[in-house]
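Dear colleague,

Here is the two-chain file for your records. My notes on what was found follow below it.

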Amino acid sequence: MYEIIGIWVGAFFTLAIYSFLYKENPVYRLAEHLVVGISLGYTMAITYDVVLKPRLIEPLLAGGSWILLIPALLGLLYITRFISSIAWLSRYPIAFVLGTGMGVGFPLTMKSNVLRQLEAAMIPFYQEGMPWHMVLGNVVLVLGTLAALIYFFFSKPHKGFFFGTGSRIGIWIIMLGFGATFGFTVMGRISLLIGRIQYLLGDWLHLIE
Amino acid sequence: MKRTVPLMIVMVGGILMMVQYFIPHQYSQAVFDSYVSWAPIIAAFALILGVGSLTRVHAHKIRRKAENWQYSWAVLIPLYAMPVLAHIWPVSLSGGMDEPSIFHFLFMHIQVPIQATMFSMLAFYIASAAFRAFRAKSALATVLLLAAVIVMLGQVPIGDLIAKWFPQIGLWILRYPNLAAKRAIMLGVGFGILATNLKIIFGVERNWLGGAGK
């Protein structure tokens, strides 16, 4: 019974959202507002379950973890944002999260976004027994990365052989990349659409297996 | 107190966390462990700020009977009902302990279908965007069009029917030119993040202070 009611409710809200394709209407607006409330309410419940309860409340109740009162007090300072005379106190927790987050993130970004990418871009064009399409691919990968970087380098005018030709090749590579990404995204969205249609025609109406 | 102390906290915290990465000592590890246990607690309190803000906006709309104020109830009721149903009053649908709760029902049968449908609806908008973007008006637009069409057809059975090698071309585009473009973008983004990190840590970028109490 639970499942049947659930499928009917799910089907109702699926159709409510699709009704927007015709025009905005009260049923769509209701679904849109409900999803905001439910998702934030769900996040609150889960945050309490996985963060506040095991990391703060339980250790404090068990005693001996009084140091955890510092992050709790810092966190509570966020709420001063609602009282304009002391709203500046909310900068303290923001400063802590921002500063430490930036510090932790710096070496990690350097590693993942810069060093690893540079390392992966430095590959030999040819190795024994490599098929021609891989050799061509490696050439495109190495020179294409360089050309696309030149295109994004705006400190020099895109003129001459290195910057001019480089940036022109770069934009071709970027367009190929954007086209491929777009095609990939379209396929992802279409498969989601197929999933919803399967839900309506299969789970709900039992018209398809 | 209002500006200097927060800027100092950012600078000291940022430098400390940056340095601890390069010094694998028990003290630096202890600093990092404290950060790992403190940061989620502080971040969890930020949720209260978000919930409070949303409540204020919608309560204001209801009080003033602003346009479409009735829908604000559709935000506020589930917003507070969900935590209550999860922790204070976890009612099951049939009264039995093994039955799924109303909390579970609301999430699985309202939240999940609505979100999946919203994302799937993008298929329609992406199609209309494609119609505008894919008009082969120039050589570059043609390249964009060809790459997208080859990748799309290469992923479905019809691509295999066109020619056995057709899906391979789609895969080659994804693996090489696409990766080259992505890598260049990722490098650019990486340098941007690093520059922004340093600007915030050393107090050059101060927009995050906002206008609260000046």
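Met82(B), leaving aside its neighbours within four places in sequence, is in contact (heavy atoms within 4.5 Å) with Ile38(A), Gly41(A), Tyr42(A) and Ala45(A), and also with Phe103(B), Leu106(B) and Phe107(B).

This is a predicted model, in which local features need pLDDT of at least 70 and side-chain atom pairs count only at pLDDT 80 or more, while totals for chains, interfaces and linings use all residues. Residues are numbered from 1 along each chain as its sequence is written, chains are lettered from A and ligands numbered from 1 in the order in which they are written, and side-chain values use heavy atoms, with hydrogens and water left out.

Met82(B) is also among the residues with the most contacts inside the largest nonpolar core, as are Phe13(A), Ile17(A), Ala31(A), Ile110(B) and Ile114(B). That core has 21 residues. A nonpolar core here is a set of buried Ala, Val, Leu, Ile, Met, Phe, Trp, Tyr and Cys residues joined through side-chain atoms within 4.5 Å; buried means under 20% relative accessible area, with a 1.4 Å probe and protein chains only. At least two core residues come from each of H1 and H2 of chain A and helix H3 (71-88) and helix H4 (102-133) of chain B (helices are DSSP runs of H or I, at least four residues, numbered from the N terminus). H4(B) gives the most, 7 residues. A second, separate core of 16 residues includes Val51(A), Leu52(A), Leu56(A) and Leu60(A).

On the interface: 114 residues of chain A and 111 residues of chain B take part in the contact. The buried area, meaning the accessible area (1.4 Å probe) that two parts lose on being put together, summed over both, is about 10,500 Å², and carbon and sulfur atoms give 81% of that. On the side of chain A that touches chain B, two or more residues come from each of helix H1 (2-18), helix H2 (26-62), H3, H4, helix H5 (132-151) and helix H6 (160-204) of chain A. The largest share of that side, 27 residues, is from H4(A).

Ser90(A) is buried, at a relative accessible area of 0%. Beyond its neighbours within four places in sequence, Ser90(A) is in contact with Leu77(A), Tyr78(A), Thr80(A) and Arg81(A).

Regards

Note on methods
Buried < 20%, exposed > 50% of the residue type's maximum accessible area, 1.4 Å probe, protein only.
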